[in-house]
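Look at the fold below. Start with a helix and a sheet, then turn to the pocket.

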Amino acid sequence: MSVYEKLKALNIELPAVAAPAASYVMFAQTGNTVFLSGHIAKKDGKPWVGQLGKDIGTEEGKQAARAVAIDLMATLQAAAGGDLNRVKRIVKVMSLVNSTPDYIEQHLVTNGASDLLGEVFGEKGKHARSAFGVAQVPLGACVEIELIAELG
(Lines give C-alpha, C1' and ligand atoms only; values in the text may rest on other atoms or scores of the structure.)
Protein backbone atom coordinates (compact mmCIF):
# COMPACT_ATOMS: atom_id res chain seq x y z
CA MET A 1 0.00 0.00 0.00
CA SER A 2 1.40 3.41 -0.96
CA VAL A 3 1.81 6.23 1.53
CA TYR A 4 -1.18 7.98 -0.04
CA GLU A 5 -3.37 4.89 0.24
CA LYS A 6 -2.46 4.67 3.93
CA LEU A 7 -3.28 8.35 4.47
CA LYS A 8 -6.63 7.84 2.74
CA ALA A 9 -7.37 4.74 4.84
CA LEU A 10 -6.62 6.79 7.97
CA ASN A 11 -8.91 9.57 6.66
CA ILE A 12 -6.02 12.06 6.71
CA GLU A 13 -5.86 14.95 4.28
CA LEU A 14 -2.57 16.82 4.39
CA PRO A 15 -2.93 20.56 4.98
CA ALA A 16 -1.17 23.34 3.12
CA VAL A 17 2.40 23.86 4.24
CA ALA A 18 2.61 26.42 7.05
CA ALA A 19 4.61 29.59 6.59
CA PRO A 20 7.59 30.19 8.89
CA ALA A 21 6.72 32.22 11.98
CA ALA A 22 10.18 33.82 12.23
CA SER A 23 13.55 33.97 10.43
CA TYR A 24 13.90 30.40 9.12
CA VAL A 25 12.73 28.09 6.34
CA MET A 26 10.34 25.18 6.82
CA PHE A 27 12.92 22.68 5.56
CA ALA A 28 16.52 22.51 4.38
CA GLN A 29 18.07 19.74 2.34
CA THR A 30 21.64 18.55 1.95
CA GLY A 31 22.20 15.58 -0.30
CA ASN A 32 19.33 13.15 0.27
CA THR A 33 18.75 14.30 3.84
CA VAL A 34 16.00 16.77 4.61
CA PHE A 35 15.70 18.63 7.93
CA LEU A 36 12.23 19.89 8.84
CA SER A 37 11.98 22.85 11.20
CA GLY A 38 10.01 22.47 14.38
CA HIS A 39 6.24 22.47 13.87
CA ILE A 40 3.94 23.41 16.74
CA ALA A 41 0.69 21.66 17.58
CA LYS A 42 -2.38 23.34 16.14
CA LYS A 43 -6.06 22.82 16.82
CA ASP A 44 -8.63 24.36 14.48
CA GLY A 45 -5.82 26.25 12.73
CA LYS A 46 -4.57 27.97 15.90
CA PRO A 47 -1.76 27.06 18.31
CA TRP A 48 -2.83 24.19 20.59
CA VAL A 49 -1.99 26.03 23.79
CA GLY A 50 -1.38 24.42 27.15
CA GLN A 51 1.07 22.76 29.46
CA LEU A 52 1.25 19.03 30.09
CA GLY A 53 0.83 18.27 33.76
CA LYS A 54 -1.13 21.48 34.32
CA ASP A 55 -4.03 21.90 31.90
CA ILE A 56 -3.45 19.12 29.36
CA GLY A 57 -3.26 15.39 30.05
CA THR A 58 -1.14 12.77 28.32
CA GLU A 59 -3.91 11.51 26.01
CA GLU A 60 -4.69 15.01 24.73
CA GLY A 61 -0.96 15.61 24.36
CA LYS A 62 -0.71 12.49 22.19
CA GLN A 63 -3.46 13.88 19.95
CA ALA A 64 -1.57 17.17 19.70
CA ALA A 65 1.63 15.32 18.73
CA ARG A 66 -0.34 13.35 16.12
CA ALA A 67 -1.60 16.65 14.68
CA VAL A 68 1.99 17.88 14.47
CA ALA A 69 2.96 14.72 12.55
CA ILE A 70 0.27 15.47 9.97
CA ASP A 71 1.67 18.99 9.48
CA LEU A 72 5.20 17.57 9.29
CA MET A 73 4.11 15.16 6.55
CA ALA A 74 2.70 18.09 4.55
CA THR A 75 6.07 19.86 4.77
CA LEU A 76 7.92 16.63 4.00
CA GLN A 77 5.76 16.18 0.91
CA ALA A 78 6.81 19.67 -0.26
CA ALA A 79 10.46 18.83 0.45
CA ALA A 80 10.08 15.61 -1.56
CA GLY A 81 8.87 17.51 -4.61
CA GLY A 82 5.24 16.62 -3.95
CA ASP A 83 5.74 12.85 -3.57
CA LEU A 84 5.88 11.24 -0.12
CA ASN A 85 6.67 7.92 -1.79
CA ARG A 86 10.20 9.33 -2.24
CA VAL A 87 10.75 9.05 1.53
CA LYS A 88 13.30 6.28 2.11
CA ARG A 89 13.35 6.67 5.87
CA ILE A 90 12.17 8.83 8.72
CA VAL A 91 15.53 9.10 10.44
CA LYS A 92 14.94 11.14 13.60
CA VAL A 93 12.19 12.92 15.49
CA MET A 94 12.81 15.45 18.26
CA SER A 95 9.88 16.47 20.42
CA LEU A 96 9.64 19.40 22.82
CA VAL A 97 6.76 19.02 25.25
CA ASN A 98 5.63 22.12 27.15
CA SER A 99 5.35 20.60 30.61
CA THR A 100 5.51 21.22 34.32
CA PRO A 101 8.73 20.30 36.16
CA ASP A 102 7.12 17.18 37.66
CA TYR A 103 5.53 15.88 34.44
CA ILE A 104 7.37 12.74 33.24
CA GLU A 105 5.38 11.37 30.29
CA GLN A 106 6.92 13.38 27.43
CA HIS A 107 7.85 10.09 25.73
CA LEU A 108 4.21 8.96 25.78
CA VAL A 109 3.01 12.29 24.34
CA THR A 110 5.54 11.94 21.52
CA ASN A 111 4.18 8.49 20.71
CA GLY A 112 1.24 10.32 19.12
CA ALA A 113 3.58 11.43 16.32
CA SER A 114 5.80 8.36 16.23
CA ASP A 115 2.89 5.93 16.02
CA LEU A 116 1.30 7.82 13.12
CA LEU A 117 4.59 8.00 11.20
CA GLY A 118 4.92 4.23 11.67
CA GLU A 119 1.37 3.65 10.43
CA VAL A 120 1.87 5.77 7.33
CA PHE A 121 5.42 4.82 6.36
CA GLY A 122 5.64 1.28 7.77
CA GLU A 123 9.23 0.12 8.34
CA LYS A 124 10.49 3.35 6.74
CA GLY A 125 8.71 5.26 9.50
CA LYS A 126 10.64 3.68 12.38
CA HIS A 127 13.00 6.35 13.67
CA ALA A 128 15.42 7.42 16.35
CA ARG A 129 13.87 9.90 18.75
CA SER A 130 14.32 12.33 21.61
CA ALA A 131 11.51 13.72 23.77
CA PHE A 132 12.17 16.62 26.11
CA GLY A 133 10.14 18.46 28.70
CA VAL A 134 10.59 22.20 28.31
CA ALA A 135 9.39 25.26 30.22
CA GLN A 136 7.71 26.78 27.16
CA VAL A 137 7.20 26.34 23.41
CA PRO A 138 6.65 29.22 20.95
CA LEU A 139 3.18 30.78 21.10
CA GLY A 140 2.39 28.72 24.18
CA ALA A 141 1.84 25.55 22.14
CA CYS A 142 1.82 22.27 24.06
CA VAL A 143 4.14 20.39 21.67
CA GLU A 144 6.75 21.22 19.02
CA ILE A 145 8.33 18.51 16.87
CA GLU A 146 11.08 18.53 14.25
CA LEU A 147 11.98 15.72 11.87
CA ILE A 148 14.88 14.47 9.76
CA ALA A 149 14.22 12.21 6.76
CA GLU A 150 16.11 10.59 3.90
CA LEU A 151 14.73 10.95 0.39
CA GLY A 152 15.30 8.65 -2.57
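## A helix across the sheet

Helix α3 (residues 106-121) lies across β5, β6 and β7. The helix runs at about 150° to β6. Contact here means heavy atoms within 4.5 Å. Axes are lines fitted to C-alpha atoms, for helices over the stretch in contact, and angles run from 0 to 180 degrees between N-to-C directions. Helices (H or I, at least four residues) and strands (E, at least two) are DSSP runs, numbered from the N terminus.

This is a predicted model: local features need pLDDT of at least 70, side-chain atom pairs count only at pLDDT 80 or more, and totals for chains, interfaces and linings use all residues. Residues are numbered from 1 along each chain as its sequence is written, and side-chain values use heavy atoms, with hydrogens and water left out.

## The sheet

Strands of a sheet pair through backbone hydrogen bonds, either parallel or antiparallel. Two strands count as paired if DSSP finds at least two bridges between them. Here 5 strands make an open sheet, in the order β1-β2-β7-β5-β6, with mixed pairing. β1 and β6 (128-134) are the edge strands, each pairing on one side only. On average, neighbouring strands are turned by 15° against each other, direction ignored.

β5 (residues 87-98) and β7 (residues 143-151) are antiparallel and share 9 bridges. Val-93 faces Leu-147 in β7.

## The hairpin

β1 (residues 27-30) and β2 (residues 33-40) run antiparallel, joined by 4 bridges. Gln-29 sits opposite Val-34 in β2. The two strands form a hairpin with 2 residues between them. In its turn, Gly-31 has a positive phi of about 60°.

How many residues does helix α2 have? Helix α2 (residues 58-79) has 22. Just after α2, Gly-81 takes a positive phi of about 70°.

## The pocket lining

β2 gives the most to the lining of the largest pocket, with 4 residues.

Note on methods. Expected span 1.5 Å × (residues − 1).
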